[in-house]
Amino acid sequence: MIFSSYIFIFAFLPVMLVGFYGLRYFNLHRGANVFLVLGSLFFYAFWNVLYLPILMGSIVVNYVIAKVILKSSGGGGAKYYLTSGIVFNLGLLGFFKYTDFFLENFNLLSQVLNLDFEIPLPHIVLPLAISFFTFQQIAFLVDCYKKIDVADLQEESREIDFVDYCLFITFFPQLIAGPIVHHKEMMPQFKANENQKLIDSVMIAKGMFIFSIGLFKKVYVADSFAKWANNGFSIVESGKILNFFESWATSLSYTFQLYFDFSGYCDMAIGLGLLFGIMLPINFNSPYKALNIADFWRRWHITLGRFLRDYLYIPLGGNRLGKWLTLRNLFVVAFLSGIWHGAGFGFIIWGSLHGVAMVIHRVYSGFVEQWRFRESRIYKIFCWFLTFNFVNLSWIFFRSENLSGAINLLKGMFGIVWVELPEKARHIPKLLVQIEGRNETVFYLIIGFIVILCVKNSIALLQDFKPSWKNVLFVGILFYVSIVTLSITPYVEFIYFNF
């Protein structure tokens with residue numbers, strides 16, 4: 001059950017809204033929160049009920065550790081509990097996400113060294129959303145540890161309500177793929193809404209508005225690009241080579257698929273939050289408009305970047321320890337971001353490329369800081385062109401299931417291995433025949449560029465939103481097209497559900 005499915009839109013979501021607001025109407029606010037927790041757990045277990053004990057076990061352990069930290073008087077004891085909590089969370093994440101990867105490469109090394117030793121792979125299934133709820137709970141433990149140093153911390157501030165904590169972790173709009181939220185930015189909103197007797201119709205309207213935009217992005221735009229991206233990558237991953245046009249169409253199709261897929265998810269998550277009176281943090285802000293790699297990361301997966309900055313980059317020393325250590329910290333954060341996304345050499349290479357790019361940008365910025373030329377339009381266009389193409393090329397390693405596939409696609413893109421084009425190819429379908437591309441492939445790519453560069457993003461549209469018949473018509477058309485598209489296209493999960 002994903003946000004862009006009939007069962008979610010027409011069954012699960014209406015039941016959750018009626019139950020939640022029904023309990024609120026009768027002043028059963030505690031019951032409404034419990035209902036929301038149970039509904040969120042059902043949503044999670046719907047994927048695979050075996051995931052549920054892992055999620056609940058993680059919640060209970062972190063809840064107990066957080067209470068112990070807050071009850072302690074600080075010093076070494078609190079730090080020990082914090083360290084234990086971080087080790088537990090990273091250990092849980094590492095076991096499920098990286099065990100097979102490490103064992104597979106250990107066995108490969110054993111073969112290279114001619115050692116008669118091989119460990120069978122356990123083929124551990126990755127629990128859904130473990131990367132997100134793990135980071136969210138690590139952030140909570142660190143925040144609890146920081147709290148105990150506050151001299152005037154009241155006794156009630158040292159208490160954590162278990163239902164509230166469960167709601168903070170499991171709230172289904174952000175459970176599966178973020179945003180990574182903080183307790184202090186979520187629970188006060190739930191508390192504030194308890195004083196509201198009537199449904200906030202404006203928030204409901206805003207929620208439907210941005211949810212419909214996100215649904216359209218996902219099922220109509222992103223999933224259209226997915227066809228050509230998947231066809232192209234499956235070919236190069238099997239050892240074949242695409243021609244120049246097919247290679248670039250494949251790469252750009254995935255670049256736009258990922259953009260509209262993740263952007264669509266973020267919009268739908270914010271929309272769902274608004275339907276329950278909660279404003280989730282912005283997680284996506286036109287990243288392909290970025291003029292440098294640092295700006296890209298300020299716009300892409302914003303809450304992950306916030307987590308890495310606050311709980312990794314700054315503890316490592318940030319930019320306070322001199323230029324060389326700052327460059328080291330930038331690289332380490334980007335490198336670990338790649339590892340966080342997945343267990344594979346493609347993710348390692350992707351993270352390393354972004355780490356090197358961050359280092360180069362920081363060094364380069366120091367040299368050109370005083371250049372007046374930086375404000376010229378030509379320079380900005382050049383910076384955008386360089387940044388976009390770097391991001392586009394690095395996504396190849398992020399997407400490809402093997403390194404040979406990534407190399408084969410790059411060969412086709414840069415003419416290292418030329419493939420003979422069809423004889424007398426005068427039409428686009430003949431140039432894109434292997435990826436089943438058509439005239440509409442080029443049309444979609446052109447429209448993709450126009451949308452990411454020239455059109456207001458959904459967050460800006462939401463900020464300008466006012467209830468009107470014009471917006472009702474706009475939402476109605478997007479929703480109708482999305483629902484019709486769902487009936488004729490295959491089921492496609494959100495890309496970030498895999499992380």
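Modeller: A nonpolar core here is a set of buried Ala, Val, Leu, Ile, Met, Phe, Trp, Tyr and Cys residues joined through side-chain atoms within 4.5 Å. Buried means under 20% relative accessible area, exposed over 50%, and partly exposed in between (1.4 Å probe, protein chains only). The model is predicted: local features need pLDDT of at least 70 and side-chain atom pairs count only at pLDDT 80 or more, while totals for chains, interfaces and linings use all residues. Residues are numbered from 1 along each chain as its sequence is written, and side-chain values use heavy atoms, with hydrogens and water left out.

Colleague: How many residues are in the largest nonpolar core, and which have the most contacts inside it?

Modeller: The largest core has 146 residues, and Phe8, Phe172, Ile176, Trp300 and Trp395 have the most contacts inside it. Helix H10, residues 244-275, supplies the largest share of this core, 17 residues. Helices are DSSP runs of H or I, at least four residues, and strands are runs of E, at least two, numbered from the N terminus.

Colleague: What does Phe8 touch?

Modeller: Leaving out residues up to four places away in sequence, Phe8 touches Met1, Ile2, Phe3, Leu13, Pro14, Phe43, Phe172, Phe211 and Leu272. Contact means heavy atoms within 4.5 Å.

Colleague: Back to H10. Is it mostly covered or uncovered?

Modeller: Mostly covered, with 30 of its 32 residues buried. At 1.5 Å a residue, H10 should span 46 Å, and its end C-alpha atoms are 46 Å apart, so the two agree. The expected span is 1.5 Å times one less than the number of residues.

Colleague: What is at the start of H10, and what follows it?

Modeller: At the start, a side-chain oxygen of Asn243 comes within 2.9 Å of the backbone nitrogen of Phe245. That is a polar contact: a pair of N or O atoms within 3.5 Å, where within protein one must be able to donate a hydrogen and the other to accept it, and residues adjacent in sequence count only if both atoms are side-chain atoms. Gly277 follows H10, with a positive phi near 80 degrees.

Colleague: And H5, how many of its residues are buried?

Modeller: 15 of its 18, so H5 is largely enclosed by the rest of the structure.

Colleague: Which non-glycine residues have positive phi?

Modeller: Asn27 is one, at about 60 degrees, and His123 is another, near 50 degrees. Asn27 sits in the loop between helix H1 (6-25) and helix H2 (29-45) and is partly exposed at 43%. His123 sits in the loop between helix H4 (75-112) and H5 and is exposed at 57%.

Colleague: New topic, Ser482. Where is it, and what does its side chain reach?

Modeller: Ser482 is in helix H20, residues 469-488, and counts as buried at 0% relative accessibility. Its side chain reaches the backbone oxygen of Leu478 at 2.7 Å. Beyond four places in sequence, Ser482 touches Leu215, Phe216 and Val219.

Colleague: Which lysines lie over ring faces?

Modeller: Lys97 lies over Trp340, at 5.3 Å from the ring centre, and Lys218 lies over Phe494, at 4.9 Å. The rule asks for NZ of Lys or CZ of Arg within 6 Å of the ring centre and within 35 degrees of the ring normal.
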